[in-house]
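The sequence and structure come first, and the comments follow.

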Amino acid sequence: MQWEDTGILLKKQKFGETHHIFVFLTKEHGKHAGLYRGKTSLPESGEHIKLTWKARLHDHLGEWSGIERQPRSPLIHIFGHSGKLYALSSALSLTEKTLADRDAHPALYEYLVTFIKGLQMEDTSWILAYISYEISLLREIGFGMDLSKCAVTGNTENLAFVSPKTGHAVTCQGGAGYLDRLLPLPSFLRDLDLSRTKASPPLPEPPQLHEAFALTKHFLEKCVASCNPSSFKNDLPPYRMLLVNWVEMLKQRTTDSNK
Amino acid sequence: MKISSLETLVLYLSKLPGLGPRSARRMALHLLKRREGLAYPLIEALKSAADTIKECSLCGNWDEEDLCSLCRSETRENYLLCVVESVADLWALERMGSYKGAYHILGGTLSALDGRGPEDLKIEALVRRIKESQFEEIILALNATIEGQTTAHYLKEYISQNAASNLKITHLAYGVPLGGELDYLDDGTLMTALKERRFF
């Protein structure tokens, strides 16, 4: 059997001396692995590629062929930017470790394509795109957050917290008595455009970004790492921690420049 | 069924890089034909290397002594430190012959997919070494891949925060390879080369 698709390279692993096993997030066939026998012009992790997969039977590992790399890879723009490199590596590793094999996620694929394209931009909109991507990933793997209304009162205004158990938003009144156990909900998350089709909003204040990272971290750790402890050594990928630290440094740099 | 010593030899030879069973059989036959001239000296050399070669406690290179010949040498430029991923990279730079500074082998790059975090690389040893020595420049000679560059950025920030904030940290240049024709270069390399252009 044989099919053609487009995909983003999530992982490449050496196989023998000259071959590689590539894992792609493909548009119509989900996360899919296969053997690649090519020796030269190997694609980089995160590259968006046209490809062909073929195997004798559906459940075989199969082989990649007809790999067509983009003439202008957006990745070249991020080599000099540590924050973008951390964000890309974190998004790819989270995707590779959390998605089930051969389970199509066309919406998530589009989010990842948009996120990687957005890394070319000179502004800081990629930080919001990364957070959107983590939220989309959580939703795709069945741990989506409902930030539209309060789980207790049903109110759609003044949502300030998220329940660490259910992922539902809660107002101050609704969560009275449990505030110390609830996770803060940064206000910008409610209006975040997950598909990134609208113009990018201004970057929120660093404390709000920190709260957003803490929120997604909680659910990623709880729902992903604990469900499949062998996926990560002990915790989330180190790149994610590096990215959060980088955003912290952005806060310091902003503070220093304002002095 | 007992495996003959010849089959065992072929089996082990076929596990070496670049060799399959067919090449391994040819090598085994060749060794047996030239026992005095090749097989016995090879056995001696293998045993000697396996018994004596160890990792240099300072840079991570392989040598017979605890400190490798590069670290012991007094003619090296001890104000330069080149950080590489593996021993193979160190050998590649040494083959070139124009770099005379010290080395530090990291032992890999950061890789979430392989579960390799900062604590699995020799980063703390690198920071200790920088603090204890008088290096003027640290050259990050890591691969121009996503993993290599992510590790390079992490190292730069970590060294600046934990070892010396004003140390000169450089990385290898990207661009047109020697003998490269522009027409055949990929767009990414060409774009970087143009971006990193220098005065002529």
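1. A:Val162 stands opposite A:Leu183, which belongs to strand 8 of chain A; helices (H or I, at least four residues) and strands (E, at least two) are taken here as DSSP runs, numbered from the N terminus. Strand 8 (residues 183–184) runs antiparallel to strand 6 of chain A, and two bridges join them, where two strands pair if DSSP finds at least two bridges between them.

2. On the basis of the model, please note that this is a predicted structure, in which local features need pLDDT of at least 70 and side-chain atom pairs count only at pLDDT 80 or more, while totals for chains, interfaces and linings use all residues. Residues are numbered from 1 along each chain as its sequence is written, chains are lettered from A and ligands numbered from 1 in the order in which they are written, and side-chain values use heavy atoms, with hydrogens and water left out.

3. Strand 6 (residues 159–162) of chain A is also joined by three bridges to strand 7 (residues 169–171) of chain A, the two running antiparallel. Here A:Val162 stands opposite A:Ala169 of strand 7. The hairpin of strands 6 and 7 of chain A has six residues between the strands, and A:Gly167 takes a positive phi near 80° in it.

4. Turning to the interface, the area buried between chain A and chain B is about 2,300 Å², with carbon and sulfur atoms giving 63% of it; buried area is the accessible area (1.4 Å probe) that two parts lose on being put together, summed over both. On the side of chain A that touches chain B, the elements giving two or more residues are strand 1 (2–15), helix 1 and helix 6 (238–258) of chain A, and helix 1 of chain A gives the most, with eight residues.

5. Helix 1 (residues 82–98) of chain A includes A:Ser82, which is buried, with a relative accessible area of 9% (buried means under 20%, exposed over 50%, partly exposed in between, with a 1.4 Å probe and protein chains only). Leaving aside neighbours within four places in sequence, A:Ser82 is in contact (heavy atoms within 4.5 Å) with A:Trp246, B:His153 and B:Glu157.

6. How many disulfides are there over all chains? The count is zero, a disulfide being a pair of cysteine sulfur atoms within 2.5 Å. The sulfur of A:Cys172, a partly exposed residue at 39% relative accessibility, is 9.7 Å from the closest cysteine sulfur, in A:Cys150, too far for a bond. B:Cys82 is buried, with a relative accessible area of 3%, and the sulfur of B:Cys82 is 11 Å from the closest cysteine sulfur, in B:Cys59, again too far for a bond.
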